[in-house]
Amino acid sequence: YRSAFPGIGTELYQVRQYEPGDDVRRIEWNVTARTGRPHVRVELAERVLVTWLVLDASASMAFGTAERRKADVSEGVALAIGYAATRRGNRLGLVTFGADEPRLRRPRQGRVALLDTLQALRVAPSGNQSLAHALELVDKAAMQRALVVVVSDFRGPRDWRLPLLRVAGRHPTLAIEVRDPREQELADVGELRLVDPETGRQLRVD
């Protein structure tokens, strides 16, 4: 079907039978009258969901003192999101940031999108590229309404706050913080020399 209502233009939509919980304002009265059963309009944007995955591949993600590194945890999260985001014709876009400039892969469907995600996860965490730059890239690339999922430890400069607010103002946004137990509480082992893996800065701590 094509919309015939003034101001809506020629946006494609689909009609399906009404289900409990559907918005009654979307009832398609012509089809309802013809079939004798209530039907609702489903716009294309509701049928094809675009998900943008913003994945932290900076050096701090290589840290890990428990059973796995933070990068291993983020890999599991990314694969789970990728699998869910590419089902039923939905599309997945990917932005990774780390040692190099943020890398963007345009939204794709199915197996191709999952393979792109797997390839990005094979890159060893390194560098200190900022989350802010990656979010600005997503803000420019995501032209239509999409789900944005950020997987990061959110370490380093807090310059990502405003770009994250801008993205969240346009798209449903989910932020997943990856932590390690030793980042929350140090063991009582006396004097330590700590090194920031992204900047090389050293700090002596009791």
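The model is predicted; local features need pLDDT of at least 70, side-chain atom pairs count only at pLDDT 80 or more, and totals for chains, interfaces and linings use all residues. Residues are numbered from 1 along each chain as its sequence is written, and side-chain values use heavy atoms, with hydrogens and water left out. An open sheet is built from 5 strands. The largest nonpolar core has 19 residues.

**Sheet**

- The strand order is β5-β4-β3-β6-β7, with mixed pairing. Strands (E, at least two residues) and helices (H or I, at least four) are DSSP runs, numbered from the N terminus. Two strands pair if DSSP finds at least two bridges between them.
- The edges are β5 (103–109) and β7; each has a single partner strand, so one side of each lacks a neighbour in the sheet.
- From one strand to the next, the twist averages 15 degrees. Axes are lines fitted to C-alpha atoms, for helices over the stretch in contact, and angles run from 0 to 180 degrees between N-to-C directions.
- β3 and β4 are parallel and share 7 bridges. Leu55 has Thr96 in β4 as its bridge partner.
- β6 and β7 (residues 173–177) also run parallel, joined by 5 bridges. Ser152 sits opposite Glu177 in β7.
- The chain passes from β6 through α6 to β7 in a right-handed β-α-β crossover. Right-handed means that, with the strands pointing away from the viewer, the path from the first strand over the helix to the second runs clockwise.

**Cores and packing**

- In the largest nonpolar core, Trp52, Val54, Leu131 and Val150 have the most contacts inside it. Such a core is a set of buried Ala, Val, Leu, Ile, Met, Phe, Trp, Tyr and Cys residues joined through side-chain atoms within 4.5 Å. Buried means under 20% relative accessible area, exposed over 50%, partly exposed in between (1.4 Å probe, protein chains only).
- Two or more residues of this core come from each of β3 (50–56), β4 (91–97), α5 (131–141), β6 (147–152) and α6 (161–170). The most come from α5, with 6 residues.
- A second, separate core has 15 residues, including Met61, Leu94, Leu121 and Val149.
- Buried in α5 are Leu131, Ala132, Ala134, Leu135, Val138 and Ala141. These buried residues pack against β3, β4, β5, β6 and α6. Contact means heavy atoms within 4.5 Å.
- Helix α4 (residues 110–121) lies across β3, β4 and β5, at about 155 degrees to β5.

**Residues to inspect**

- Lys70 is in helix α3. Lys70 counts as buried because its relative accessibility is 1%.
- The Lys70 side chain reaches the backbone oxygen of Ser60 at 3.2 Å. Beyond neighbours within four places in sequence, the contacts of Lys70 include Asp153, Arg155, Asp180 and Glu183.
- Val77 also belongs to α3 (residues 70–85). Leaving aside neighbours within four places in sequence, Val77 touches Val151 and Ile176.
- Phe154 lies in the loop between β6 and α6. Phe154 is not a glycine, yet has a positive phi of about 55 degrees. Most residues other than glycine have a negative phi. With 12% relative accessibility, Phe154 counts as buried.

Conventions: Polar contact = N/O pair within 3.5 Å; in protein donor to acceptor, adjacent residues only side chain to side chain.
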